[in-house]
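Subject: Model handover

Hi,

Here is the model I promised to pass on.

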Amino acid sequence: MEPRPVKIYDVLRYARGASPVEMVLDGYLNYHFLTSSPDLRRPKLMLERGINAAAAVSAPDGPRRPVIAIRSSPWKAGHASNPWHDEFDLDHGHVRYYGDHKPTTVGLPGATAGNRALLEAWSLHAGTSKRERSLAPPLLLFRSSTVNQGGRSIVKGHVEFCGVAIIERLEHVVQRDPASGRSFPNIVLDLAVLDLAEAGDTIDLRWIDDRRNETLTVTQTARHAPASWNVWVAQGRASIPRVRRRVVSSRVKTTEEQLPVAGSAEERLLEELYAFFDGRKHAFEMLASRVAAQVLGGSGAVYRDGWLTRAGGDGGVDFVGRLDLGSPTSNTPLIVLGQAKCVTPRSSIGPDQVARVVARLRRGWIGVFVTTGVFSRQAQIEIIDDQYPLVLINGRTLVEQVVRMAAADHDNDLGALLLAAAGEYETAVTHRRPEEILFG
């Protein structure tokens, strides 16, 4: 069975009665080709309503609902058929979606088939066991799309894929129909759109085929599932911040991007740096402070060396510096707090370690974290997403800066540079408070 990937923001042709064996229809990917199982005896996964639940299957390990397809129609918002406004914030992995109870619906919010399916799904999405979460139907998100054909805007027959989501929260609400003024009950869901960055923002719809296959156990259906889905199934609600889609993911560096090219001279140099400072990690702080000075000073600002803090009681700060922005006659000084970690090159610095530095920063201060290793994906996301004033210097950048320093000050003699950094450590250590650098 060949992979059938679909990418977030792909526009698909959704035509009633379209053949599920044609990949492209009218110049667009054919929705029915992507979502139909190779076993054509299974019913199509339709998008005729806002909430479209696939029929439950009786699998060897028990019944399960394979998937729920959600379709939002922004161009209908405010009309009698859809008097509410769904909110799609895909950049931050959040969708607020209203159920299909309408002003004319009789009964409680669970009276409609769509709301009933979502309420049943919520009981599994909120489950506390791995088993419950594995049975929870993933939500495939679509919204109606307007396309231009021959100079005309076509508002029907096309949908945009918006990702796969889990239910983070469900509330019962009372809404008001803008046309009649009548109030009616409904449900509203906060959906966490899953991060698909590892797969290039795509999912392989063979995953949905497997979930619809009554011969497979729910464990077997996970073979084509997104990595973020499997993490959520295993870890539950606590993992949502880590598996939620973030547009900043495009700015996050992989492990490979943070390390020298394998087999290169720079990789060997990084290993030498680690080996030299492994038994004298406090001395690494001296080298880290110099590298930080070179990186920050390279921005056009003036960096002024400060001092190193005493080992054991630094509270997340290993060195202090000052960055003067502006001209000599008109400038402002920023206090720089630095952290240095000499770890094996492929070791990862996590968000908790980064948070120790951030916690020490005050208004007008910036941080810098220097390591021989790499920064975890989650650590980078939190820094970018929360806009922390923290500069990250990974193993690759460290090597690049050390090579420059050795060429400029030690005639390309790396050994002399390292010995100088280690020898100057003791004289650079002090108990002074960071604020004192403003008066130095």
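What pLDDT does the protein chain average, and what share of the residues score at least 70? The average is 88, and 94% of the residues reach at least 70, where pLDDT is the predictor's confidence in each residue, from 0 to 100. The model is predicted, so local features need pLDDT of at least 70 and side-chain atom pairs count only at pLDDT 80 or more, while totals for chains, interfaces and linings use all residues. Residues are numbered from 1 along each chain as its sequence is written, and side-chain values use heavy atoms, with hydrogens and water left out.

One stretch to treat separately is residues 77-83, where pLDDT stays under 50. The model has 15 contacts beyond four places in sequence for this stretch (contact means heavy atoms within 4.5 Å).

**Cores**

The largest nonpolar core has 52 residues. By definition, such a core is a set of buried Ala, Val, Leu, Ile, Met, Phe, Trp, Tyr and Cys residues joined through side-chain atoms within 4.5 Å; buried means under 20% relative accessible area, exposed over 50%, and partly exposed in between, with a 1.4 Å probe and protein chains only. L139, L140, L141, F142 and L191 have the most contacts inside this core. Strand β14 (residues 158-176) supplies its largest share, eight residues. Helices (H or I, at least four residues) and strands (E, at least two) are DSSP runs, numbered from the N terminus.

Leaving aside residues up to four places away in sequence, L191 touches a set that includes L139, L141, I166 and R244. There is also a second, separate core of 42 residues, with A293, L308, L398 and M405 among them.

**Helix packing**

How do α8 and α11 cross? The axes of α8 (residues 281-297) and α11 (residues 395-409) come within 10 Å and cross at roughly 85°. (Axes are lines fitted to C-alpha atoms, for helices over the stretch in contact, and angles run from 0 to 180 degrees between N-to-C directions.) That makes α8 roughly perpendicular to α11, a label for 65 to 115 degrees; under 35 is roughly parallel, over 145 roughly antiparallel, and the rest oblique. On the α8 side the contact is made by F284, L287, R290, V291, Q294 and V295, and on the α11 side by L398, Q401, V402, R404 and M405. These residues divide into seven nonpolar, two polar and two charged.

Helix α10 (residues 377-385) has Q378, A379, Q380, I381, I383 and I384 as its buried residues. Their cover includes α6 (240-243), α9 (351-360) and β23 (390-393).

**Single residues**

V336 is in strand β19 (residues 330-341) and counts as buried because its relative accessibility is 0%.

Two residues other than glycine are worth a look in your backbone checks. D26 has a positive phi of about 55°; D26 is in the loop between β3 (24-25) and β4 (28-30) and is exposed at 51%. Q387, which follows α10, has a positive phi near 55°; Q387 is in the loop between α10 and β23 and is exposed at 68%.

Cheers

Note on methods:
Ala, Val, Leu, Ile, Met, Phe, Trp, Tyr, Cys and Pro count as nonpolar, Asp, Glu, Lys and Arg as charged, and the others, Gly among them, as polar.
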